[in-house]
Structures are given as structure tokens and as C-alpha cells.
Amino acid sequence: MSAAGSKNNTRKRLALGIICAVVFFFPIYWLAAISVKTPDEIFAYPPVWLPKSIDLNNYYVLFRDGDVWTVFNSLVTAGISTVIAMVLGTFAAYSIARYKTGGPNFSMWIISQRMVPTICIAFPVFLLFVSLKLVDTYIGLILLYTAFNLPYVIWMMRGYIQDVPIELEQSAYIDGLGRFQVILKVVFPMVRAGLFATAVFTFIFAWNDFLFALILTRSDVTTYPVQVTGYFGSQSTFWGKIGAMSMLGMLPMFFVVATMQKYIVRGMSMGAVKG
Amino acid sequence: MSDLVLSKVNKHYGDFHAVKNINLTIESGGFTVLVGPSGCGKSTLLRSIAGLEQITDGDVSMGEASIKDLAPRDRNLAMVFQSYALYPFLSVYENIAFGLRARKVPAAEIATKVEEAGELLGLTDYFERKPRELSGGQRQRVAIGRAIVRDAELFLFDEPLSNLDAKLRDEMREELKKLHQRLGKTFVYVTHDQIEAMTLADQIVLLRDGEIVQNGPPMELFNQPKNLFVASFLGSPSMNLIEVSVPNDKNEMVLPDGQVLEIDQSRHDKLSKNGGKIIWGIRPEHFEISGEQQGTLSCEIDVFQPTGSQMLVSFRLKDTHVLAELPTHSVDNSQTKMRLVPDMSRTHFFSADTGDRID
């Protein structure tokens, strides 16, 4: 290919890259812009593409009224349920992968539990939680998210653990480690990328849950997705608060994904090649 | 140090009987090689010794004490795996030190032992590297290093050289033999490669279908194979096995193409007593070129294969393919015919029915 052709090609790619970036980043930019616009700017027509000044009043209101606690509630429920699901699920996955616990189709049965449309079990779950007095409690949501995420964690971790050569574990047994130590010192380091990737996705599932959070919370442990919907009123919609709350809700995920990107990519590719 | 004794060891996987009633004494300080074709149960037997497989019945004991119910870590052994089993997330140094750390050996002692092993195996320059940054031979050395720092009584090797290329395999074989002499510990080594078995072992245990076929010093198996399987398994190129008939009334044997070779009276008596067909076994290196007519075989050459100092000469006795290994300088490879004399003092006879040796 000639030098001119190559240059032309590079330009086309650059243009395509810019278009993609705009398409994907514009909604996020627009959300961020709304969160710092004044009410006049939000409703202005033609739209104000670039806010004239940064107005943090929407954020101030969220902190002043305590709405921001809903982000904390989300962090607590998603974070703790992720930790519990990862610990239980990984050990369960180890047992299934190495000791064929439950027979050859057990893991398939477990993952099939995730295939039930959640709305189908929403009502029974609500009744159960009412009778157990778990509605509007951290424990209730944490239990529910853990139960929902366990099948996914078991399924994913089982695949990663099966990819660890059994000789590594056997060698460690001979070297002098016990079963639990082998899991901690050999298996976990071997599946570290898979662990992080699975944990991130587990966290995202819990973080983004809306249906159960809506049904099972009232005021004490309302999570941030439920809170955001509260700003859509029949008389008016608080776009500024929606923008600000959405930005606050996005921040934890942004940090999680940004700091763990390396592991997420490696973990996903580990899964991709395991066949 | 004490002998390792296997008594009536059996291992079943469901209906499959992988190891059948093995009785074997592995002498302390010796180099025992378990050899046999794929699926003969040699690795299962090794793993049973290690405690990685639970034997179905029988006993494994070290000296007087039974070790069959002990966990692998309590059997005072070290093992080198075919895949090396190095921890990819640890450096070479940490891989070698792993077993010592697991046993809570003091840090100063760990440092000394790892340094010593590194010196011995030429690994000190690679201590900081990760296994993926090493060649196959270096990885194998790390795996051996990890085993030798442990000061175990028994060292187990599961086909440790099979992932290496031919040249490196030869080098590592020599190093392993030196290492055994230096450490003076009991080595049990599994391979399917008969050359490895012959070159390394003090004692070869040849297995087939989960059973010991023959067991003894390498040259005993080589010179006195108990049956056709042992005869054909050991030796490279392998022994020629030719079906012959022995008439009752003459001290001779008749080859497939009708040629006749004389045999002595006592041998004739034993062979004719056996009746029926006999398999004559002769190794390729036990032929010589001869100018004589008497006592020689007339051979029409199929092909010459020079290997350097030796020449492999293929010919047929009717439908039976025969190979002779001769010094290259003695062979004129433009010939189409040749007379060869077999060294009858080094031939073997087997029953065609049972495959057992006839002495």
C-alpha cells in the first residue's frame, strides 16, 4: 500500500473512532452537564450544549436532604452481598470442579436458577420477606442479592478452577499444604483474574438491581436506582437531581472498573478460551 | 532410609482394574524405573505411592510402617511432575522455596537450601524470573530443585523428560543420574521410553495391563527377557521375532522362507519338547556379515538406513521383516544380496502359543 493510501486509511479510522466516542460518551456527558446546569439551562430550547457555569446546587440538595444515603445503601448491599457470594460461591465451585459434588449436571442446574425471569418470583419473595420481617432491611437485600448472584459466581468460578492444572494442587499437597491452604495459596492466585472479573460483575448486578430494591425497600435502605425514580413526578420531573444522582451512582462503578480493568479483561479472556 | 514395599496393591476405577495385585520391593537408595506402554498403570502406581490415589486394597509401606493411609504431605516424599507443576505466579526462587515455606522451615535455612539447589542445577541467575520466562529444560530444573530442597526420603518422577526435545532429554537424563548418585536417595521414575529406563535404572519394573511382567536389573531384562512382550519392548531397534519350526529329527530350525540354521542338541531338545511353532528372537546388533555359505542366512536387501557409525539393513524372510545393525564401514550399500551370520549364543526362543521364554 502506498504512503498516501496508508495515511488515508488512518484518517478514516480516526474519524470512525471519534464518531464512536461521541456516540458512546455523549449520553454520559449530557447527564453530567444536566447535573451542573441551572433549571433554565436544562429546559432551554434550543438546548444548551455547554453549561455557562458549573452549578453544584443539585448536588448540594442531594447531600442536604440526605438522598445521597441511598448511594451508601447501594454500596452496603451490593458490596457485602458480593463478598458473601464470592466466598461461598468460590468454595462451592471448587467442590463442584474438583470433587464432582452433586454429579455432572449440578452446575447446569444451579445456573438454570438464574434463567427464571425475576418478575415471576417477585411476589413470592415479597410475601416471604414480609413474613420474615426482612422488608426494608440491609440483611434482606443482602440475602436476596447473595442468593441471586451465587449461581453466577459458582458457574463462572467453576470454569476458572477447572482450568487450573490439577498437578499444581497435587504438587502443593506433596509439598506439605493441607486442602484449605492449597485453595488459598495455589488455587486463588491462579484464578485471581477470574475472581476479580466475577466479583465486578456480581457487584454490578447487585448495584443495578431495581426491581427487588423497589419491592423490598421503603425508606430505611432505599437504594440509589429506586431513589432516582422518585424524581420523576406526576407534576414535574427533577432533571437536575436525576442527573446529579445518576452521576453519584455511576462513580463507584467507574472506580471499580477503572482500577480492576486489567483483571476484568484477563478474567473475561480466561473464560473465553476455556471452551 | 528403608525399602519401599508394595504388597498386593490393587487399584480399581469403577469396573476398570488399573493396577493388579502388585508385589514389589523398591530398595532404599536405588533408582527404580516403572516402564511400560501407555495405559499400563505405571503412573497410577506412582501416584498410589505418593498418596495422590487411594489404593483399593493392599498395602504400601516404608520399612515396617504402612504409609497407605497417610496424606501425601506425611509420606516424606517429593515428586516431579510431567508438566513440571510450577506455580506461574511465583518466581523461580519462590517456587523452589515453596515446599520449605509450607513446612515452616526457618528462613535462614530456606535461603541456604534454595541457594544450594540453585548452584547444583545452574539456576542462580534465574531466581527472579517467572516460570514462563524459562525454557523447557530450565523449568524442568526448577521442578527438580523444588523436589531436592525438601530432603525427602523418596523421590518420585512422573515422565519428567517427556516434554523436552531429544537433545535436552539426553542431557537431563545424564544430570538426573548424577543427581541420584550425589543424593543417594531412593528414586522411583515413570517413563514409557525404554531408553530412559535402560540408561537410568538399577531396577526396571516392566508393566503391562496393570501387572508386572518382569522386574530386575536392566541387563537382566535385556539379556533374559521373560516373554515376547519384554523382548520386543526393550532394545532399540527392537528385537527381531521370527516364527520358525523345529523338526524333531534334525538339530536345526527352519525359517519362514525355508532356509535352515543349525542349533545345538540341548537347545533342540528343549525346543522340540515344546512342540508346535517357536518364535526365534535375535537383536539386530547380533548379526554379522559373513563370506561363508554354512550357518549363514542369504538375505535380499530391502533398504539400507545409515545412522552414522551403524547401518540398519532391512531384509525379508518371506513375509517376516528383519533388521540387522552392522558397522557402517563393513557394508557396501550397493549390494542387493548379503550373507549374514546370527550370533546363536545370544538368541532367544519363545513359545508361539504362550509367548513365554524357552530356556
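This note goes through the interface between chain B and chain A of a predicted model, and then turns to a patch on the surface of chain A.

1. The size of an interface is often given as the accessible area lost when the parts come together. For chain B and chain A that buried area is about 1,600 Å², and carbon and sulfur atoms account for 64% of it. On the side of chain B, the residues that lose the most area to chain A are B:Arg73, B:Tyr87 and B:Phe89, which together make up 31% of what that side buries.

2. Counted by residues, the contact draws 21 from chain B and 16 from chain A.

3. On the side of chain B that touches chain A, at least two residues each come from helix 1 (42-50), strand 6 (77-80) and helix 2 (92-102) of chain B.

4. Chain A carries a nonpolar patch on the surface, formed by A:Leu14, A:Ile18, A:Val22, A:Phe26, A:Tyr29, A:Trp49 and A:Leu50, whose accessible area together is about 730 Å².

5. One of these patch residues, A:Trp49, sits in the loop that runs between helix 2 (39-43) and helix 3 (57-64) of chain A. A:Trp49 counts as exposed because its relative accessibility is 53%, and the cut-off for exposed is over 50%.

Note on methods:
Residues numbered from 1 in each chain as written. Chains lettered and ligands numbered in written order. Predicted model: local features only at pLDDT ≥ 70, side-chain atom pairs only at ≥ 80, totals over all residues. Heavy atoms only, no water. Patch = residues over 30% accessible without salt bridge, like charges linked within 9 Å, V, L, I, M, F, W, Y side chains within 5 Å. Areas by Shrake-Rupley, 256 points an atom, 1.4 Å probe, with all protein chains shown as cover. Salt bridge = Lys/Arg side-chain N within 4 Å of Asp/Glu carboxyl O. Helix = DSSP H or I, 4+ residues; strand = E, 2+ residues; numbered from the N terminus. Buried < 20%, exposed > 50% of the residue type's maximum accessible area, 1.4 Å probe, protein only. Contact = heavy atoms within 4.5 Å. Buried area = accessible area lost by both parts, 1.4 Å probe.
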